[in-house]
Amino acid sequence: VPTVDFAKFGPIETVPLSRIKRISGPRLHASWVNVPHVTHCDDADITELEAFRKSLDDEAKADKKTPYRVSLLPLLMKASAATLKAFPAFNSALAPAKDSLIYRHYWHIGVAVDTADGLVVAVVKDVDQKGVLELARELGALSAKAREGKLAPAEMQGATFTISSLGGIGGTGFTPFVHAPEVAI
């Protein structure tokens, strides 16, 4: 990228990058350059799934002790874990010597969380062993910690697959970055 003196065109302001952006920028660039990216979009009728999700959400919001939300994301996490079990090559990683695949027999799903300082990926461990409601509660807690800047390093490591959701902004398709050593997103 060429160096440009933007000030010669008009007033400017230089704002330092947040720590998250300074760290994630080079990693995202390395993933973009080194991991092949493919975009495929399909339409799906989720009318019945949405009705089921809404019924779970209504019950969750009515919880007297600790109300929580059930979004589509926990259902997508369960579907992703089941799909990764059915197609284990997508739950693998290229070995450092680049001569073999490492098949991971655990299903930790990373979820991109938008924070004031940039995107972070919170990792929900052992998704295959948890129910939708448990995942909804855990995801809510991890997302809150992420937005507060309080995720521990262990809560951002070990994902075998990441879900990058457009839920908050809408849309029907995009090309997310595959986060190496993951092989799909």
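# Helices, pocket and loops of a predicted chain

Reader: Is S80 buried or exposed?
Author: The classes rest on relative accessible area, computed with a 1.4 Å probe and protein chains only, where buried means under 20%, exposed over 50% and partly exposed in between. Because its relative accessible area is 13%, S80 is buried.

Reader: Which residues is S80 in contact with, leaving aside its neighbours within four places in sequence?
Author: A contact here means heavy atoms within 4.5 Å. Once its neighbours within four places in sequence are left aside, S80 is in contact with I109, F161 and I163.

Reader: How far apart are the C-alpha atoms of A82 and V127?
Author: A82, like S80, has its place in helix 3, and at 45% relative accessibility A82 counts as partly exposed. Along the chain A82 and V127 are 45 residues apart, and their C-alpha atoms are separated by 9.3 Å.

Reader: Which residues of helix 4 make the contact with helix 3?
Author: Helix 3 passes helix 4 in a right-handed crossing, where right-handed means that the near helix is turned clockwise from the far one by less than a right angle, and left-handed anticlockwise. On the side of helix 3 the contact is made by L73, P74, L75, M77 and K78, and on the side of helix 4 by V132, L135, A136 and L139.

Reader: How many nonpolar residues does the contact of helix 3 with helix 4 have?
Author: Ala, Val, Leu, Ile, Met, Phe, Trp, Tyr, Cys and Pro count as nonpolar, Asp, Glu, Lys and Arg as charged, and the others, Gly among them, as polar. By these classes the contact has one charged and no polar residues, and its nonpolar residues number eight.

Reader: Which residues are the closest to the centre of the second largest pocket?
Author: On a 1 Å grid over the protein atoms alone, a pocket is an open set of points where a 1.4 Å probe fits, with protein on both sides within 12 Å along at least five of seven lines, and lining residues have an atom within 4 Å of a point. The second largest pocket has a volume of about 1,100 Å³, a volume being the space filled by probe spheres set on points joined across faces, edges and corners. Of the 34 residues that line this pocket, the closest to its centre are S24, R27, V120, V121 and M156.

Reader: Which element gives the most to the lining of the second largest pocket?
Author: The lining divides into 19 nonpolar, nine polar and six charged residues. Two elements give two or more residues to it, strand 4 (118-124) and helix 1 (19-34). With nine residues, the element that gives the most is helix 1.

Reader: What is the phi of D126?
Author: D126 lies in the loop between strand 4 and helix 4, and at 27% relative accessibility D126 counts as partly exposed. Most residues other than glycine have a negative phi. Although D126 is not a glycine, its phi is positive, at about 50°.

Reader: How far apart are the C-alpha atoms of D43 and E182?
Author: D43 is found in the loop between helix 1 and helix 2 (47-61), and because its relative accessibility is 78%, D43 counts as exposed. D43 and E182 are 139 residues apart along the chain, and their C-alpha atoms are separated by 25 Å.

Reader: What pattern does the chain follow along the sequence?
Author: The chain has four helices and five strands. Read along the sequence, they follow the pattern α-α-α-β-β-β-β-α-β.

How values were computed: Residues are numbered from 1 along each chain as its sequence is written. This is a predicted model: local features need pLDDT of at least 70, side-chain atom pairs count only at pLDDT 80 or more; totals for chains, interfaces and linings use all residues. Side-chain values use heavy atoms; hydrogens and water are left out.
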